[in-house]
Amino acid sequence: MKDLEKRVAELNKLLHEYAHAYYVLDKPLVPDAVYDQLMQELMAIEKEHPEFIYPDSPTQRVGGKPLEGFNKVTHRYPMLSLSNAFSEDDLRDFDRKIRQAIGDRYNYVCELKIDGLAIALRYENGIFVQGATRGDGTVGEDITVNLKTIKDIPLRLKEPVTIEVRGEAYMPKKSFEELNKQRAENGEDLFANPRNAAAGSLRQLDSKITASRNLATFIYSIGGDGEAYGIDSHAEMLEYLDSIGFRVNKERAVCETIDDVLAFINKWTAERPNLPYEIDGIVIKVNRFAHQEELGFTAKSPRWAIAYKFPAEEAITKIIDIELTV
Ligand SMILES: NC(=O)c1cc2c(=O)c3cc(F)ccc3oc2nc1N
């Protein structure tokens with residue numbers, strides 16, 4: 001029995017490592033056939049010996065029977081929303097206010113604004129214990145069983161830390177197109193866009209349906225104060241999140257000036273159609289936590305961050321249509 005327990009521990013470790021390499025780093029360590037064979041072996045042992053099933057075993061990603069409904073979760077740290085900028089002037093105003101408040105020794109981190117659903121994930125001693133939607137920012141829905149089906153969400157972190165993180169769950173463009181093609185063939189109504197498809201997939205009461213929707217995540221912050229982890233800037237926080245096993249978007253940059261921010265925006269406005277996922281803007285954040293603390297929050301948004309929103313395409317096509325019909 002001893003060596004069987006050892007084998008189960010070894011299989012859990014190997015499968016976590018291989019899944020992280022494949023789904024988070026996009027750098028497979030072994031061929032799929034090897035991964036599948038190890039998974040089959042673990043499932044066979046767990047079937048014979050359910051007492052050996054780890055709560056974070058990779059076999060536990062797809063839940064059991066459908067839920068009756070979702071429990072409510074009160075967020076330990078409110079999930080606020082970003083204020084918006086729609087033009088270069090808005091961005092320069094934002095920058096001017098920052099400078100007035102904290103002087104001129106600051107820089108920014110720019111990130112792509114993923115067009116998905118905000119989620120909060122809680123880990124205790126490195127084990128995924130609960131996941132929730134933003135809801136109204138204070139109370140969200142417990143969608144833990146559905147989030148467990150997303151392969152890039154680690155069930156076990158590389159460090160046994162107790163932490164809460166925030167991110168965006170989304171449906172890649174290709175998965176969205178395939179899903180709507182399938183729904184059209186089955187005479188079902190189509191999803192309007194990948195964000196709605198992701199939201200609909202995460203709010204399924206049957207996690208087997210969620211599991212079939214190929215969702216993915218990008219994690220972008222620690223709930224509460226990052227200092228607790230010896231981190232004092234947003235850029236370092238993203239590196240830390242990556243190092244403990246989360247999928248963190250690589251298309252980010254530290255920008256020393258608002259002109260660098262505008263250059264980043266121009267680059268990704270052009271690159272946007274080539275991305276495998278939808279983005280609806282660029283998020284700009286003052287980098288150092290000491291500066292974020294000085295700037296603080298309004299009732300609903302941080303003063304140290306802003307979301308530059310791309311002009312909505314439909315608005316543009318509407319103007320063009322009007323022009324053409326006049
Ligand atoms: N959709 C996103 O890709 C994205 C969203 C947010 C937020 O909503 C957000 C909300 C806050 F109150 C503070 C920081 C944030 O940072 C964020 N960073 C991102 N990359």
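1. Arginine 213 lies in the loop that runs between helix 7 (207-211) and strand 8, and in this predicted model arginine 213 has a relative accessible area of 10%, so the residue counts as buried. Once its neighbours within four places in sequence are set aside, arginine 213 is in contact with Met171, Ser175, Leu179, Arg183, Phe191, Ala197, Ser201 and Gln204. Phenylalanine 297, by comparison, is 84 residues away from arginine 213 in sequence, and the two C-alpha atoms are 36 Å apart in space.

2. Turning to the aromatic residues, a search of the whole structure finds 12 aromatic pairs. In one of them, the ring centres of tyrosine 123 and phenylalanine 246 are 5.3 Å apart and the ring planes meet at 85°, which is why the pair is edge-to-face. Tyrosine 123 belongs to strand 4 (residues 117-124), whereas phenylalanine 246 sits in the loop between helix 8 (234-243) and strand 9 (253-255), so that the pair links distant parts of the chain, 123 residues apart. Both tyrosine 123 and phenylalanine 246 are buried.

3. Tyrosine 170 and phenylalanine 218 also form an aromatic pair, here a stacked one, with 5.2 Å from centre to centre and 10° between the planes. This pair, too, links distant parts of the chain, since tyrosine 170 is in strand 7 (residues 163-170) and phenylalanine 218 is in strand 8 (residues 216-222), 48 residues apart. Tyrosine 170 counts as buried because its relative accessibility is 3%, and phenylalanine 218 is buried with a relative accessible area of 7%.

4. Ring pairs also join Phe94, Tyr106 and Tyr108 into a cluster.

Terms used: Residues are numbered from 1 along each chain as its sequence is written. This is a predicted model: local features need pLDDT of at least 70, side-chain atom pairs count only at pLDDT 80 or more; totals for chains, interfaces and linings use all residues. Side-chain values use heavy atoms; hydrogens and water are left out. Rings of Phe, Tyr and Trp (its six-membered ring) pair if their centres lie within 6.5 Å; planes under 30 degrees apart count as stacked, over 60 as edge-to-face and the rest as tilted. Helices (H or I, at least four residues) and strands (E, at least two) are DSSP runs, numbered from the N terminus. Buried means under 20% relative accessible area, exposed over 50%, partly exposed in between (1.4 Å probe, protein chains only). Contact means heavy atoms within 4.5 Å.
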